[in-house]
Every structure is written in C-alpha cells, then in structure tokens.
Number of protein chains: 2
Amino acid sequence: MTGTAPERIRVHYRSAPVAGSSPAARAREIAIEQTAEVPASCIPAALEGPVVGIVESAEADGPDWRAVVSYDVRVAGGELPQLLTVLYGNVSLQIGVRIERVDWPAELVASFGGPRLGPDGLRRACGVAERRPLVCAALKPMGLDPEELARRASRFAAGGADLVKDDHGLADQEWAPFEARVARSAAAVAEANARSGGSCRYVPNVTAPASALARRMRAAREAGCDLVLLSPLVVGLDTLHAVARDEGVGVLAHPALAGAFFGPGHGIAPEVLLGDLFRIAGADAVIYPNAGGRFPFDEAACVSLHRALRRPLGGVLPSMPALGGGVDARRVGHWIDVYGSDTMFLVGGSLYEASDPESATAELASVVRGRTATNDP
Amino acid sequence: MTGTAPERIRVHYRSAPVAGSSPAARAREIAIEQTAEVPASCIPAALEGPVVGIVESAEADGPDWRAVVSYDVRVAGGELPQLLTVLYGNVSLQIGVRIERVDWPAELVASFGGPRLGPDGLRRACGVAERRPLVCAALKPMGLDPEELARRASRFAAGGADLVKDDHGLADQEWAPFEARVARSAAAVAEANARSGGSCRYVPNVTAPASALARRMRAAREAGCDLVLLSPLVVGLDTLHAVARDEGVGVLAHPALAGAFFGPGHGIAPEVLLGDLFRIAGADAVIYPNAGGRFPFDEAACVSLHRALRRPLGGVLPSMPALGGGVDARRVGHWIDVYGSDTMFLVGGSLYEASDPESATAELASVVRGRTATNDP
C-alpha cells in the first residue's frame with residue numbers, strides 16, 4: 001500500500017433498474033450485500049469505509065443503472081476466493097447485475113503475481129526467437145488411445161506447430177489414462193523435435209480433482225512438460241494461481257464454464273473474468289473463442305479482450321491471447337493482421353480436416369513465421 | 001455398471017433456435033462440442049456411441065428448442081471436474097444453452113458418495129432428537145474482531161440456535177484472522193452449550209485458497225468444529241467433494257457465484273447445479289435464497305429446489321435445504337408450513353435488527369421446536 005489510506009478496488013457494476021428504488025439506493029444495496037450483509041441499521045459506524053463498500057458514483061444510463069462501488073483491498077484478505085466473493089458472490093443471485101470493469105490497485109495485482117512467462121516467456125519456452133504469433137495444435141478427440149494421440153502429436157510437432165495441447169476434455173478416462181497418455185505424447189513430441197531440431201512443447205491438460213492434481217503435475221513434469229493446460233472455473237481460480245505460482249510451469253487457461261458469466265445484462269464481462277482475473281491468477285495464455293468460429297464472439301469482443309490481456313496492469317506481465325474455437329488455418333494470415341504478433345492461434349478441426357495434417361500444419365507454420373512485430377497493428 | 005452397456009448421463013438441454021439449423025442438428029452440435037470437439041467428418045466411427053454424445057431426442061417447443069443428449073459415464077472419467085466440463089464446459093460459451101434437468105446413472109451418483117450426514121445427520125450433530133427444522137444464525141458483519149464475533153456467537157447459542165455459521169465473507173481478513181476468530185467463536189459456543197446443556201454447532205467458513213485449506217481445516221477441527229461452510233463455485237466443486245469425503249466433517253454449501261448460471265435462457269437450472277451437483281459432491285446442506293427475502297427467488301422456485309435436494313438420487317442421502325437471504329424470523333412458522341421439517345432456516349439480519357438478539361433467537365427456536373414431522377406438507 002502507498003501512504004496511509006489502503007487502496008480500493010473500484011468495481012463498475014451495471015444493474016437493471018429496480019422498481020421503487022434509485023441508482024444510488026441500488027448501489028448502496030450492492031455495497032452492503034457484498035461486504036457487511038446485514039441491514040444498514042445494524043452496521044457499526046466504525047465499519048463504514050474500512051469494511052462496507054463505498055458508492056463512488058451511481059446514475060441512470062439509458063434503460064440501465066450504473067454504479068461504481070469501491071472495496072478496501074483488505075476485504076479480499078489477500079486471497080482469490082474471497083476476492084471473487086466480494087466482487088460477485090451474492091449479487092450473482094440477483095437479477096441483472098453485471099461487472100463491466102474493475103480498476104485494480106496495483107499492489108493487489110502485484111501481490112498475486114500474474115503470469116510467470118507471458119507472451120515473451122511462452123515464445124522462449126517454444127524456442128521462438130523472433131516476436132511472432134504462436135501456433136498451437138490440439139490433441140483430440142477423446143476416446144483415442146495413447147498411441148494414436150501420440151502419433152497425432154508427433155505429426156503436429158513435425159509439421160512445425162509451436163505447441164501441441166491436449167483437448168480440455170482429455171482427463172483420465174479409461175481410453176487414455178493420464179500418465180500413459182501424457183508420457184507417450186510428450187515422448188512423441190520430443191522425438192519429433194530431435195528429428196527436426198525444433199522446440200515444440202506438448203501441453204497436457206491437468207484439470208483434475210484436488211486430490212489428483214499434485215500427482216498429475218508430477219507425472220507431467222517427469223514427462224518433461226513445462227507448460228500445462230487448466231480450466232480455472234472448473235477447478236477454482238485459486239487452483240490456477242497455485243499451479244502458476246508453486247509448480248514452476250507455464251499455464252494455458254481454458255474458458256470452460258466461463259460463458260455462464262457472459263450474459264449481456266448479468267455476469268462478469270469477459271475483459272474482467274478472462275482478461276483481468278485469469279491474468280492476475282497467473283495464466284500465461286488465456287484461451288477464448290475467435291470471431292467467425294463455432295462460438296458467437298464477434299471481432300470487436302475478441303479485440304477488446306485481446307487488448308485487456310495485454311494492457312498495463314499492476315506491473316505484472318501480459319497474458320498471451322490464445323484464440324481458438326474453430327480457427328480456420330487458411331485465415332490465420334488475416335487474423336494476424338487483426339491481432340498482431342502477441343497472439344496464439346489454437347487450430348484444431350481445420351488441421352484434422354486436411355488430407356495431410358502434417359503438411360497443413362507446415363503451411364500454417366510458414367504463414368506465422370513470416371509475420372513479426374514489424375507489421376503489428 | 002449393471003449389465004454390459006455402460007450407463008449414460010442424460011442431459012436435458014434447452015437451446016435458443018439457430019437460424020438455418022434444426023433442433024436435431026443443434027443437438028448433434030452440442031453432443032459433439034461436449035465430447036469429440038472435432039468436425040463430424042473427423043470422428044472415427046468407433047467413437048460414435050462410446051465417446052460422442054448421443055442425441056436421444058430433439059424438437060421445437062414453442063419458441064425454443066429442446067434436446068436430450070446422453071453421455072457415456074466413462075466420458076466423465078469418474079471425476080467431478082470432467083463431469084462439469086462434459087455437461088456444460090464449452091457450450092457455456094454459446095448463446096442460449098441451458099441445462100434444465102439431468103437423469104443421473106445411479107452408479108455415477110453413488111461413486112461420488114453424496115452427503116455424509118444429510119438432514120438426519122445434521123440434526124444428530126446438533127443434538128436434535130425430533131424430526132424438526134433447524135435454526136442457523138449467522139455471524140457478521142466482517143470487520144468485527146474475534147471477541148465481538150464470539151460474543152455474538154455466544155448469544156445466538158444461548159438463545160437456542162441449532163447452528164451458528166460464519167458469514168461466507170469471513171475469510172482470513174486482518175480484522176479477525178481465521179485461527180483466532182474460529183478458536184474464539186467455537187469456545188464461546190461451547191461455553192454457552194455448557195451453561196445451557198445445548199448442542200449448538202459453530203460452523204466456520206473454510207472457503208480458502210488451495211494452499212491454505214488444509215491448515216484451516218486443521219484449525220477448525222482443533223477448535224472442535226465438525227461442520228464447516230464452503231462456497232463450492234468459488235473454490236471448485238471438487239473441493240467440496242474432497243472436504244466432504246476426506247475431512248470427516250459435515251458441509252454447508254454456500255451459493256456464492258451460482259447466480260451467474262441462473263439466466264432464464266442460459267446456464268444451469270438451480271435444481272441441477274445446487275440440487276444435484278452440490279448434493280452429489282457431498283453438501284449436507286445447500287444454502288439458497290428464500291422467497292420474499294433480498295433475492296428474486298419466488299416460492300415455486302424455492303419449493304422446486306427443496307424437492308430436488310430431497311428426491312431419490314442414486315441411493316445417496318438427501319441434502320438439507322437451507323433457506324437464507326433475508327428470512328424474517330417472524331415468518332418462519334409460515335415457511336415451515338410451506339417446506340416442512342427437513343429445512344434449515346438461516347436467519348441473520350432479522351435477529352440483528354431485534355433489540356435483544358438472544359431473546360429473538362429464543363423466540364424463533366421455540367417456534368421451530370413446536371413443529372415436527374407430524375405436520376409436514
């Protein structure tokens with residue numbers, strides 16, 4: 001903290017109007033609901049300010065109401081679970097309350113640490129010297145055995161993918177148990193690297209029950225993996241933080257379940273949930289659906305999230321935006337023009353559809369290798 | 001599994017209509033998205049059925065489309081994180097896809113174990129011999145010191161509350177660090193019990209970062225606590241499972257963040273998320289907002305969730321519905337008529353507003369003690 005006054009987390013809420021209430025009254029309700037959670041008459045005066053949220057502003061804006069409510073950083077107690085609780089825990093259960101933006105105290109962000117690698121570190125991990133986008137292929141579908149998954153991994157690595165990640169649905173199913181599958185895929189990518197002189201990284205999905213995570217991390221490290229895939233909303237945002245901080249690996253964060261928060265009038269804006277919170281918790285790359293794929297994210301939303309992940313934030317590293325969800329390999333050149341070189345492209349189906357996935361990967365890799373920071377938007 | 005065919009998880013999805021598509025095509029997209037996640041032409045034939053979701057039915061229903069998609073239980077790999085992923089991971093990112101109901105294979109439910117105590121076990125833990133509702137008071141607001149919180153706990157216990165729980169926002173903040181606060185509150189409740197001959201249980205909030213949870217559980221047990229409060233969506237549903245299964249305590253599950261899933265046309269129905277999933281993961285009581293309080297749950301929704309928590313489900317125990325969010329102590333008699341005796345009433349603000357919280361608790365306790373199963377609806 002700087003000076004004597006503790007820093008405050010300023011949360012920009014949008015609220016549906018409430019009959020018989022006013023923007024200021026609604027904002028005060030939110031401020032109390034998220035902190036003291038008792039009737040206003042029962043709040044000891046000494047707790048107003050240091051504990052109860054403060055309404056910084058509140059006004060009608062077209063059909064909606066807007067409010068900025070600030071919380072003393074000490075309310076979050078330095079912990080991500082409590083931070084989530086104070087931002088959105090109880091008001092999630094009301095109708096039409098959306099977090100549109102958060103102004104974060106730099107000290108709070110820095111205390112969580114953010115990404116360990118970020119875009120530059122991910123490039124280094126993949127042996128990429130120039131500042132260019134990364135290509136990540138995806139191992140799937142579930143149901144294949146470890147041999148076939150490893151064969152596919154080998155082909156993508158030989159074709160020149162920078163990373164080959166597990167599909168987020170590959171867990172520990174009987175068709176390809178975690179340890180066997182990860183050992184085989186890692187070995188296949190290492191062999192392809194040895195043949196090609198490349199540095200492709202295999203990225204296993206370690207999303208797992210709490211009791212199994214440590215074992216899977218150990219198996220992943222023993223297989224030589226220094227990057228992993230995790231779905232933070234499935235296992236808890238703090239689990240991402242623990243892996244990023246304590247396990248000495250880089251983390252690609254998958255948005256599974258995140259869409260539940262992306263209602264137009266309720267939830268948490270993607271720029272806050274995936275952009276700020278995933279990054280603060282330590283995601284080196286944040287996966288989200290690109291425009292024009294299978295998911296209804298438009299280009300403006302994708303660009304906005306891309307910016308959020310790289311904006312200055314408490315001195316922590318940027319996260320690398322990782323665009324997936326149906327990226328067409330043939331259009332990657334176009335998307336580089338849109339997003340620039342700090343971008344990872346997850347290409348799955350479109351490589352599988354090619355008659356020869358290895359050559360299709362090689363073609364894609366050659367597009368990406370021709371694009372460096374000099375032509376960034 | 002019974003017989004040779006593995007059981008299937010049947011998920012009832014509602015979908016917004018998609019221009020140029022059909023209910024059957026949309027259902028097939030969901031079935032693929034949640035499993036194979038490759039274009040249909042790239043799915044090896046051998047994986048249709050055992051791996052790819054099967055469209056059991058699909059039809060238009062008024063302005064919406066409905067589909068039942070079934071998944072082989074093996075897709076979930078016996079793990080809650082992957083179960084969440086297959087149910088709703090990627091389709092959460094699409095527009096207007098809601099899980100309305102799930103038909104669960106009994107073996108899958110039983111494999112997770114469900115509640116350890118359920119309503120009867122919770123009553124036993126609180127020393128309640130007759131089959132009647134339980135009264136739970138809430139310790140708050142955050143910002144008070146351990147002494148003041150303990151004083152409040154003592155008064156509620158002396159008044160005859162069956163349980164005194166931490167507010168879900170009490171974590172490890174500097175005003176009342178976890179270990180000091182839990183030790184003091186537990187001791188205060190134990191002393192009140194010794195004076196009154198009662199068995200009130202103090203229920204600390206153990207929602208915590210992954211790295212701190214074990215330490216807090218140990219401190220809670222050392223303080224004599226055998227029930228804890230946890231927010232499963234804040235720390236991951238599997239963390240609830242791990243605590244319920246491995247820590248030898250009963251768990252009250254708090255719905256913080258759950259409302260993000262409760263959009264009318266998108267998300268997961270409360271009966272599935274709080275009713276089935278929290279229960280399967282081991283919640284002995286599931287907290288949710290009562291009708292007529294600060295949250296917009298109506299009576300029909302509350303009754304429906306109350307039923308879901310107690311319906312026959314794979315042979316596991318029921319969870320105890322725990323109604324909070326602004327329950328007026330003076331109306332508890334009415335709510336007992338509505339819900340019956342397998343109900344926990346969380347009463348917070350309305351006790352704090354009383355001029356004498358201890359007598360207000362005593363009054364409430366006397367209402368509840370007069371109502372046993374004989375007058376159940």
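Predicted model: local features only at pLDDT ≥ 70, side-chain atom pairs only at ≥ 80, totals over all residues.
## Helices that run roughly parallel

Sorted by class, the contact of H5(B) with H6(B) has 10 nonpolar, two polar and four charged residues.

## Helices that run roughly antiparallel

Two packed helices are described by the angle between their axes and the distance between the axes. For helix H2 (residues 80-89) of chain A and helix H9 (residues 237-246) of chain A, the angle is about 150 degrees and the axes are 8 Å apart. Angles over 145 degrees count as roughly antiparallel, which makes H2(A) roughly antiparallel to H9(A).

The crossing of H2(A) and H9(A) is right-handed. In this contact, H2(A) takes part through A:Leu80, A:Pro81 and A:Leu84, and H9(A) through A:Leu237, A:Asp238 and A:His241. By class, the contact of H2(A) with H9(A) has four nonpolar residues, one polar residue and one charged residue.

## The eight-stranded sheet of chain A

In chain A, eight strands with parallel pairing form an open sheet, and their order across the sheet is S7-S6-S5-S13-S12-S11-S9-S8. Strand S7 (201-203) and strand S8 (227-230) of chain A stand at the edges with a single partner strand each, so one side of each has no neighbour in the sheet. From one strand to the next, the twist averages 25 degrees.

Within this sheet, strand S11 (residues 285-289) of chain A pairs with strand S12 (residues 320-324) of chain A in the parallel sense, over five bridges, and A:Val286 stands opposite A:Pro321 in S12(A). Helix H5 (residues 146-159) of chain A packs on the sheet, where it touches strand S5 (134-139) and strand S6 (163-166) of chain A. The direction of H5(A) makes about 165 degrees with that of S5(A).

## The sheet of chain B

Chain B also has an open sheet of eight strands with parallel pairing, in the order S7-S6-S5-S13-S12-S11-S9-S8. Its edge strands are strand S7 (201-203) and strand S8 (227-230) of chain B, each of which pairs on one side only, and the twist from one strand to the next averages 25 degrees. Strand S11 (residues 285-289) of chain B and strand S12 (residues 320-324) of chain B run parallel and are joined by five bridges, with B:Ile287 opposite B:Ala322 in S12(B).

## A hairpin in chain A

An antiparallel pair is found in chain A, where seven bridges join strand S2 (residues 54-61) to strand S3 (residues 64-72). Across this pair, A:Ser57 stands opposite A:Val68 in S3(A). S2(A) and S3(A) form a hairpin with two residues between them, and A:Gly62 in the turn has a positive phi of about 60 degrees.

## Backbone details in the loops

Most residues other than glycine have a negative phi, and most peptide bonds are trans. B:Glu37, however, is a residue other than glycine with a positive phi, near 55 degrees, and B:Glu37 is found in the loop between helix H1 (23-33) and strand S2 (54-61) of chain B.

A cis peptide bond joins A:Lys140 and A:Pro141, with omega at about -5 degrees, and A:Pro141 is found in the loop between S5 and H5 of chain A. In chain B, a cis peptide bond joins B:Lys140 and B:Pro141, with omega at about -5 degrees, and B:Pro141 is found in the loop between strand S5 (134-139) and H5 of chain B.

## How the two chains are related

Two copies of a chain are related by a rotation about an axis and a shift along it. Here, chain A is superposed on chain B by a rotation of 180 degrees with 0.0 Å of shift along its axis, and the RMSD is 0.0 Å. That is the relation of a two-fold axis.

Of the residues of chain A, A:Gly236 comes closest to the rotation axis, at 2.1 Å for its C-alpha. Because 99% of the interface residues of chain A are also interface residues in chain B, the copies meet through the same surface.

Notes
Residues numbered from 1 in each chain as written. Chains lettered and ligands numbered in written order. Heavy atoms only, no water. Least-squares fit on C-alpha atoms with pLDDT ≥ 70 in both. Contact = heavy atoms within 4.5 Å. Pairing = 2+ DSSP bridges. Helix = DSSP H or I, 4+ residues; strand = E, 2+ residues; numbered from the N terminus. Axes fitted to C-alpha atoms, helices over the stretch in contact; angles between N-to-C directions. Nonpolar A, V, L, I, M, F, W, Y, C, P; charged D, E, K, R; others polar. Parallel < 35°, antiparallel > 145°, perpendicular 65-115°, else oblique. Left-handed = near helix turned anticlockwise from the far one by under 90°.
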